[in-house]
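Hi everyone, thanks for coming. Let me put today's protein on the screen, and then we can walk through it together.

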Amino acid sequence: MVHLRPVILIAQPHLAPLLPILAMQYDVMGLWEEGGRARLAEAEIVVTAGEFRLDPAMLAAMGRLRLIACFTVGYDGVDLDWARTKGIAVSHAGDANAEDVADHAIGLILAHRRQIVSGDRALRAGEWLPGGKTITRSIAGARLGIVGMGSIGIAIAARADVLRMTTRWWGPRDKPGLAWPRSDSLAALAAESDILVVAARATDDNRGMISAAILDALGPNGLLVNVARGQLVDEDALIDALRAGRLGGAALDVYAQEPTDPARWADVPNCILTPHTGGATDAAVAQMAQMLLANIRAFVAEEPLPNRVL
């Protein structure tokens with residue numbers, strides 16, 4: 001039985017803004033606060049950013065845990081098999097930021113293909129000289145490949161249609177109702193694409209799926225865009241391909257380790273990097289907060305979770 005005012009622990013310090021919101025209705029503490037870990041045995045709900053792995057030793061100490069509430073859309077840091085075995089519910093933020101992530105993906109494509117970032121730097125450095133003119137690559141007619149055709153992939157494809165790109169996609173399961181054709185394999189999609197956008201959900205089975213072979217198939221004129229999870233890309237192979245010129249470029253919002261070490265990218269050419277901000281808009285964060293509250297309210301009331309994973 002869930003308490004009327006259950007103990008909720010928030011797992012990561014960057015979720016601290018949730019403390020006053022949840023404190024209006026619940027007994028809530030941050031794990032990083034003094035006394036936070038002393039309440040592990042009392043906690044019935046843990047709120048977490050779903051991309052972060054929850055410490056198994058910590059979970060083992062939470063004998064009353066009944067809900068893992070992911071503030072984020074992703075929940076790849078949660079051991080779903082363990083939660084299922086323990087009868088622990090898991091919720092997330094549904095598709096709260098899909099449209100914003102799609103916007104960011106298109107922004108990265110435009111920024112790289114039209115040299116917006118390098119153009120800004122050149123102008124500020126005094127390198128725009130009389131008679132000089134930079135020729136960039138048009139978006140119209142570009143062959144876009146999307147890896148993973150969930151809500152984010154579909155939103156990217158819809159935007160690509162407006163930009164006069166041609167889109168194909170690949171995922172492990174066919175979706176016959178989609179308007180865009182599915183390639184026979186990931187390797188085939190890379191070979192058929194000028195731009196390859198990674199928008200797949202990360203699992204233990206697809207770690208490093210964007211391998212050296214896939215990057216070589218995309219080729220020296222190809223652009224890799226990743227707005228999903230860093231673990232989906234073999235990052236060492238990516239850096240090697242960019243340095244060797246076997247890949248034309250990369251535009252990344254996610255990394256194998258976050259925050260990524262800036263020194264790792266200091267001499268890597270033809271890449272644009274953003275600090276995992278694709279889904280972090282004011283509107284998306286507000287929506288995630290509302291969905292988190294709705295999931296917790298439903299759980300406390302013993303009603304179906306609006307955005308249940310398990």
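Before the first annotation, a word on what such a label means: UniProt positions are given in the numbering used here, feature names are shortened, and annotations may be inferred rather than shown by experiment. Please also keep in mind that this is a predicted model.

With that said, UniProt lists residues 38-309 as "domain: D-isomer specific 2-hydroxyacid dehydrogenase catalytic", in an unreviewed entry. In the model, that span is 33% helix and 13% strand, and its end C-alpha atoms lie 28 Å apart. The unreviewed entry in UniProt also places "domain: D-isomer specific 2-hydroxyacid dehydrogenase NAD-binding" at residues 106-278. Here the end C-alpha atoms are 10 Å apart, with 30% of the span in helix and 14% in strand.

Let's turn to a pocket. Which residues lie nearest the centre of the second largest pocket? They are Arg-53, Asp-76, Gly-77, Val-78 and Gln-231, out of 28 residues that line it. The space in this second largest pocket comes to about 840 Å³.

Helix H10 covers residues 282-300, which is 19 residues. From its first C-alpha to its last, H10 reaches 27 Å, close to the 27 Å expected at 1.5 Å a residue. Its buried residues include Ala-284, Met-288, Met-291, Leu-292, Asn-295, Ile-296 and Phe-299. What covers the buried residues of H10? The cover includes strand E1 (7-10), helix H1 (18-23), strand E3 (45-48), strand E4 (67-70), strand E5 (89-91) and helix H4 (98-113).

Ile-152, Gly-153, Ala-155, Ile-156, Ala-157 and Ala-160 are its buried residues, and they pack against H4, strand E6 (143-147), E7 and E8.

Thr-167 is found in E7, residues 166-170. Thr-167 counts as buried because its relative accessible area is 8%, under the 20% cut-off. Leaving out residues up to four places away in sequence, Thr-167 touches Leu-144, Ile-146, Ala-157, Ala-160, Asp-161, Trp-180 and Pro-181.

For contrast, take Asp-205, in the loop between strand E8 (195-198) and helix H8 (212-218). Asp-205 is exposed, with a relative accessible area of 77%. Asp-205 and Val-147 are 58 residues apart in sequence and 15 Å apart in space, C-alpha to C-alpha.

Last stop, the backbone. Most residues other than glycine have a negative phi, and most peptide bonds are trans. Against that background, here are the spots I'd flag. Two of them come after our helices: H10 is followed by Glu-302, with a positive phi near 60 degrees, and H6 is followed by Arg-164, with a positive phi near 70 degrees.

Gln-115 also has a positive phi, near 55 degrees, and is found in the loop between H4 and helix H5 (116-124). At 33% relative accessibility, Gln-115 is partly exposed. His-276 has a positive phi of about 50 degrees, and its place is in the loop between E11 and H10. His-276 is partly exposed too, with a relative accessible area of 26%.

Pro-259 is found in the loop between strand E10 (249-252) and strand E11 (271-273).

That's my tour, so over to you for discussion.

Conventions: Residues numbered from 1 in each chain as written. Predicted model: local features only at pLDDT ≥ 70, side-chain atom pairs only at ≥ 80, totals over all residues. Heavy atoms only, no water. Helix = DSSP H or I, 4+ residues; strand = E, 2+ residues; numbered from the N terminus. 1 Å grid on protein atoms, 1.4 Å probe; cavity = no way out; pocket = protein on both sides within 12 Å on 5 of 7 lines; lining within 4 Å. Points joined across faces, edges and corners; volume = space filled by probe spheres on them. Expected span 1.5 Å × (residues − 1). Buried < 20%, exposed > 50% of the residue type's maximum accessible area, 1.4 Å probe, protein only. Contact = heavy atoms within 4.5 Å.
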